[in-house]
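I opened my notebook to jot down what I looked up here, one stop at a time. Come along and check each entry against the picture.

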Amino acid sequence: MSHLQDALDALEPSRLQGIRRGIEKESLRATPGGSLALTPHPAALGSALTHPNITTDYSESQLELITGVHASVEQCLEELTQVHQFTLRALGDETLWVSSMPCNLPADETIPIGRYGPSNVGRAKSVYRIGLAHRYGRRMQTISGIHYNWSMPGISDAQYFGLIRNFRRHAFLLLYLFGASPAACSSFVTGRQHELQSLTPHTVYMPHGTTLRMGRLGYQSDAQASLAVSYNSLEGYAASLHQALTRPYPPYEAIGIVNPGGEYNQLATSLLQIENEFYGTIRPKRVIRPGERPLHALRERGVEYVEVRLMDLDPFVPIGIKAQTIRFLDVFLLHCLLQASPPDTPQEIAALGRNQHRTAAYGREPGLKLERDGREVELTQWGTEIVDACAPIAAQLDAVHRTTDYGDALRAARSLLADPELLPSARVLAALARDHDNSFTAFGRAQSEQAKAKLLKLPYAGGLHSRMEALARQSVADQAAVEAADTMPFEQFRQQYVSPERLAPLEQQHSALALVAV
């Protein structure tokens, strides 16, 4: 009997029922004409610093909508839908851009950076984003996606890291099945070197691309590519990140902390300013306590859940992701957890990077080959093998939840592997050609308006609106309390926050700042 089947047989149904998930979904606010909205964060949405469900990511114009933790896929999506319903009512004539690749962008320096008020933690959040602008440019930061947070009871740190290693090995399959960003507005590549082809004067694309967001033009960084992060253990992972967070990096030292005019350029001159700057396809995570750095929380109390970071927004679904996709992710993550997971090596990590770029740029190319164990294998063959190996897991989940939904999710994935024209990336290019004269902006604008109209037509109870309004008001009061509680100058606060001792075990720390996560 296989290792996977043995591991599956050993799983009690209560653990499968104990799977928990949550979603963080980024979307740009866009004008009716399909350009980036340059208006401030809408006041009706409350405080982006302290609201539990509605914040901003990089830009004032980039909303991030967050669900709580849910046992049921339907409840998770219901909450995400309700947060959308409230948010869209506050946007006036603006829309939430439905695509991962941004709408029409203005000049780089006019893309507005998120603002969180005058408190030390609010300023730190903005300075971190100013640092990202200096390091990577503002355009790259306007890309949006969905982060899927997932946990199951009884998983050890070593098992979570085994899951992460297998996830990275097989991530190409998710890029292929769910990548939905094969084209972009040409404003995104203004002044940048790129391999994209021109579809029209205002639209660039890759004919067989799946997800430009996860390719060379997306969340990539030469500086971070020099980071040899291993996922063989929590200790090794933590040591790699610790070094990146504490060792000065000469190009960033050249930028400096403060410019001659006294304005802050970045939080630190290290390779990473803070943990969130690390661009992985999946991250080990733990909820942090007030005043705690994420790396310290991991070292102190271990992995609590994983954050899947490579999912594009689905532009054909009003809230960006559908239940069937989530069910496939659940099956896929369990496969990554239960399958034997040998240690990674620097050679394998380099090959995985090449597989990611190849799938992102050329994934639908007939006969495309990826690297596996030093040999080449067809993407669709390898993908079909993974989906076939997932069948017993889907059957077990179906049995536990008395449904056929998980098996259906696998059957849908098989159809996509058999017919690339059904893939979201192919459907985007087909819709551009069929309905929008190959204009990415026209496609995005039409889909965003349609998504908004559908969500605004859904039943919307007065009780829900009152509850969301109360959350917004409370967040404003909470921000005021954070600001009133500040006692130290910002520079002292910054130095304490980025100090290496704050990454060390608790007993070595000399100060506990009341911080919200930057």
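**Entry 1: two loop residues**

I began at Asp437, which counts as exposed because its relative accessibility is 69%; exposed means over 50% relative accessible area, buried under 20%, and partly exposed in between (1.4 Å probe, protein chains only). I found Asp437 in the loop between helix H15 (424–435) and H16. Helices (H or I, at least four residues) and strands (E, at least two) are DSSP runs, numbered from the N terminus. The phi of Asp437 is near 50 degrees, a positive value in a residue other than glycine.

A note on what I am reading: this is a predicted model, where local features need pLDDT of at least 70 and side-chain atom pairs count only at pLDDT 80 or more, while totals for chains, interfaces and linings use all residues. Residues are numbered from 1 along each chain as its sequence is written, and side-chain values use heavy atoms, with hydrogens and water left out.

Next I turned to Arg402, in the loop between helix H13 (391–401) and helix H14 (405–418). Arg402 is not a glycine, yet its phi is positive, at about 50 degrees. With a relative accessible area of 79%, Arg402 is exposed.

**Entry 2: a histidine in a helix**

Is His84 buried or exposed? I noted it as buried, because its relative accessibility is 0%. His84 belongs to helix H3 (residues 73–89). Its side chain reaches the backbone oxygen of Leu80 at 2.8 Å, which I logged as a polar contact: a pair of N or O atoms within 3.5 Å, where within protein one must be able to donate a hydrogen and the other to accept it, and residues adjacent in sequence count only if both atoms are side-chain atoms.

Which residues does His84 touch beyond its neighbours within four places in sequence? I listed Lys25, Leu65, Leu96, Pro318, Ile319 and Leu455, with contact meaning heavy atoms within 4.5 Å.

**Entry 3: enclosed spaces**

On a 1 Å grid over the protein atoms alone, a cavity is a set of points where a 1.4 Å probe fits but cannot get out, and a pocket is an open set with protein on both sides within 12 Å along at least five of seven lines; lining residues have an atom within 4 Å of a point. Grid points are joined across faces, edges and corners, and a volume is the space filled by probe spheres set on the points.

I counted 3 cavities of 30 Å³ or more in the structure. The second largest cavity, of about 50 Å³, has His84 in its lining, along with Lys25, Leu88, Leu96, Val98, Pro318, Ser448, Ala451, Lys452 and Leu455. H3 and helix H16 (440–457) each supply at least two of its lining residues, and H16 gives the most, with 4 residues. By class, I wrote down 6 nonpolar, 2 polar and 2 charged for this lining. Here Ala, Val, Leu, Ile, Met, Phe, Trp, Tyr, Cys and Pro count as nonpolar, Asp, Glu, Lys and Arg as charged, and the others, Gly among them, as polar.

The largest cavity holds about 80 Å³ of space. Among its lining residues I picked out Glu195, Met206, Arg216 and Ala360. Its lining has 6 nonpolar, 2 polar and 2 charged residues.

How much space lies in the second largest pocket? I wrote down about 330 Å³. It has 17 lining residues, and those closest to its centre are Arg169, Glu348, Arg372, Asp373 and Trp382. Helix H5 (157–178), helix H11 (346–362), strand S11 (369–372) and helix H12 (379–389) each supply at least two residues of this lining. The largest share, 5 residues, comes from H11. The lining of this pocket divides into 5 nonpolar, 6 polar and 6 charged residues.

**Entry 4: cysteines**

How many disulfides does the structure hold? I found 0, taking a disulfide as a pair of cysteine sulfur atoms within 2.5 Å. For Cys76, the nearest cysteine sulfur is that of Cys336, 19 Å away. For Cys390, the nearest cysteine sulfur is also that of Cys336, at 7.6 Å. Cys76 is buried, with a relative accessible area of 0%, and Cys390 counts as buried at 1%.
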